[in-house]
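Please open the structure in a viewer and keep the selection panel at hand.

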Amino acid sequence: MSASPSPYLTQESEYNLSEDVVTKITEMAASFPEKNSALIPALHLIQDQFGWVPPPTIKQLAQLLKTTPNKIYGVLTFYTMFNLKPVGKYHIQICRNVSCSLLGAKHIIDYLTKKLHIQVGETTADGKFTLTLVECLGACGMAPVMMINDKYYENLDEKKVDQILKTLK
Amino acid sequence: MANQNILLNFDRNGANHTLENYLKRKGYSTLSEKIPNMKPEQVLDEVKKSGIRGRGGAGFPAGIKWSFLPKDSDKPVYLICNGDEGEPGTFKDRVILEENPHMLIEGMILAAYAINAKHCYIYIRGEYGFALQRVQQAVDEAYRAGYLGKKLTGANYSCDITVHKGAGAYVVGDETGLMNSIEGKKGQTRNKPPFPAVEGLYQCPTIINNVETLASVPWIIDHGGAAYHSIGTEKSSGTKLLSISGHVRKPGVYEVDLGYPFMDFLNKDCGGVIGNRKLKAVIPGGSSTPVLRPEDCEKITIDYESIAEAGSSLGSGAILIIAEGSCMVKTLEVLTHFYHHESCGQCTPCREGTGWLHKIVKRIEAGQGKMEDLDLLTSITKHIAFHTICPLGDAACGPVDSFVKKFKDEFIEHIKTGGCPFGGKFVRFQERV
Ligand SMILES: Cc1cc2nc3c(=O)[nH]c(=O)nc-3n(C[C@H](O)[C@H](O)[C@H](O)COP(=O)(O)O)c2cc1C
Ligand code: FES
């Protein structure tokens with residue numbers, strides 16, 4: 001019995017890995033005792049190129065690493081940092097864990113949903129902001145905390161959130 | 001403060017991450033001056049004598065772990081540094097990774113020498129972009145200066161370090177999950193035995209230690225295991241990094257000699273509870289460790305024995321302070337959500353059980369709980385704990401059992417009044433430092 005492939009894997013479009021990314025992945029694969037160790041670093045590179053991991057790139061990656069798309073899909077969906085669909089230009093990830101909650105994370109979340117007119121998990125109509133909740137970011141001493149793309153913003157309150165959003169064009 | 005600075009031996013406002021700065025602090029001198037006159041077994045011996053216990057949470061003595069490596073294997077040995085730092089409340093390794101990466105690298109080279117590992121990995125959680133950048137820079141600097149690579153400066157030995165970026169999964173912090181992740185797999189954990197020391201990364205003997213454990217090694221070898229052992233208490237030697245957060249005036253990362261009185265630490269070093277509130281609860285070692293009431297904390301000292309005697313654990317050294325006015329049911333709701341979200345899904349008791357725990361706590365918080373729910377919670381934890389491959393299931397149970405036991409009145413009040421006495425929200429504290 002063969003499982004039918006996930007719809008995620010059957011979408012077609014024109015995403016091609018850049019030459020630079022292909023070279024880097026090939027080099028990385030050769031540097032580990034097992035090629036497959038390059039998988040997670042490779043997915044990071046792909047996400048750096050596209051902002052998410054588009055399905056066609058999985059097939060290309062499977063060929064490079066001599067593995068199967070389904071194995072890659074399993075890994076991809078296991079880790080929370082990989083985006084399975086496009087995200088806004090600014091991906092806002094707010095910590096919902098204990099230290100941040102104790103110091104007002106909920107207020108920040110409510111404030112942002114109101115201000116951006118989106119719910120958690122959604123992207124604004126202009127494609128600028130995506131709002132996601134995440135678990136402890138390891139910055140609990142500076143709670144509440146959020147990440148925008150790969151930068152941390154700490155000790156948040158409404159005023160600070162306003163200031164930060166103003167700087168994001 | 002009488003506490004020593006072994007790991008935080010730098011001015012916290014300066015540029016401490018560079019090789020130049022580390023050399024000024026006599027960095028790499030252990031490697032270049034002591035190692036040429038020491039055999040690997042002697043390095044291992046000093047670490048054993050130091051009595052240092054693993055700083056990642058489980059507190060297993062590092063020297064003993066290293067000696068579990070098979071003597072007759074012809075496979076390569078790997079050393080992994082665990083910088084996944086995912087336990088909620090924990091942010092202490094980040095300080096070493098960002099501010100003192102060369103001390104970690106020197107520690108790893110010394111450890112690699114002791115266990116005859118030629119290749120080491122530093123696994124850092126993917127969200128720590130800045131730490132990843134700093135550590136990679138430091139590794140590059142160390143290669144250029146000849147501390148890493150073939151034939152290390154001052155030693156007839158070679159050692160390579162690869163920095164590996166994680167991708168977001170708490171369970172990968174478990175040593176076997178981490179090895180699967182480096183192998184490019186889902187970060188699900190492995191059954192033990194075989195233990196990593198016998199069959200770990202790429203099926204080869206592997207030693208895995210926390211960032212803080214490895215960063216302590218240069219001091220231990222430089223001053224001797226006995227000198228390290230003389231700091232702290234008999235069973236908890238040395239210094240410990242503590243990351244304190246929550247309702248505390250001066251949150252942050254501190255280094256204390258183990259055995260330091262908890263109330264002194266909270267009130268003198270950290271400025272006490274925020275907003276002049278009364279202390280309500282303390283989670284002493286990261287979110288997985290059982291919660292304590294203020295009266296449990298009066299007499300405890302910060303070390304493995306004392307906190308264990310009080311019914312909890314020093315864990316990763318992440319102290320969470322909860323002030324009077326906070327809802328414990330809501331707090332537990334946040335924690336149970338976390339464990340459910342992070343369960344890797346392999347073992348039924350954990351995958352299903354953590355979801356039930358969260359669902360039940362959530363309905364109690366919403367005022368829809370029943371009195372039977374309290375027994376139900378503790379009967380579920382009984383079926384999760386110690387019935388799973390890895391300790392994530394156990395970790396989920398610690399908070400549930402202890403919150404229900406120590407704050408039972410509050411759970412009952414939620415059930416009897418059909419609502420949250422705190423309005424379902426956390427109080428907002430205006431006072432900030
Ligand atoms: C679910 C789970 C998460 C863990 N997370 C971490 C972590 O983030 N960092 C860490 O050093 N150890 C973590 N550990 C403990 C490791 O499995 C391992 O015991 C530790 O890295 C060994 O190093 P040590 O002996 O130096 O403490 C975790 C364990 C479990 C079960
Ligand atoms: S709880 Fe939010 S960063 Fe740790």
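Begin by selecting chain A and displaying its surface: the accessible area is about 8200 Å², and carbon and sulfur atoms account for 54% of that area. Please bear in mind that this is a predicted model.

Next, colour the 169 residues of chain A by burial; buried residues make up 53% of them. Switch to the C-alpha trace of chain A, which spans about 50 × 35 × 35 Å along its principal axes.

A cartoon view of chain A displays 8 helices and 4 strands. Followed along the sequence, these elements of chain A give the pattern α-α-α-α-α-β-α-α-β-β-β-α. If contacts in chain A between residues at least 6 apart in sequence are drawn, 64% of them join residues at least 24 apart.

Now select the charged side chains of chain A: 17 are positive and 16 are negative, and the centres of the two sets lie 4 Å apart.

Move to chain B and select residues 93-99, which form helix α5; Glu99(B) belongs to this helix. Is Glu99(B) buried or exposed? Glu99(B) has a relative accessible area of 18% and therefore counts as buried, the cut-off being under 20%.

Show the surroundings of Glu99(B). Beyond its neighbours within four places in sequence, its contacts are Phe10(B), Gly14(B), Asn16(B), His17(B), Arg94(B) and Arg134(B). With which side chain does the side chain of Glu99(B) make a polar contact? The partner is the side chain of Asn16(B), at 3.0 Å.

How values were computed:
Residues are numbered from 1 along each chain as its sequence is written. Chains are lettered from A and ligands numbered from 1 in the order in which they are written. This is a predicted model: local features need pLDDT of at least 70, side-chain atom pairs count only at pLDDT 80 or more; totals for chains, interfaces and linings use all residues. Side-chain values use heavy atoms; hydrogens and water are left out. Helices (H or I, at least four residues) and strands (E, at least two) are DSSP runs, numbered from the N terminus. Buried means under 20% relative accessible area, exposed over 50%, partly exposed in between (1.4 Å probe, protein chains only). Contact means heavy atoms within 4.5 Å. Accessible areas come from the Shrake-Rupley method with a 1.4 Å probe; for residues, only the protein chains shown count as cover. Lys and Arg count as positive and Asp and Glu as negative; His and the chain ends are not counted. The place of a charge is taken as NZ of Lys, CZ of Arg, CG of Asp or CD of Glu. A polar contact is a pair of N or O atoms within 3.5 Å; within protein, one must be able to donate a hydrogen and the other to accept it, and residues adjacent in sequence count only if both atoms are side-chain atoms.
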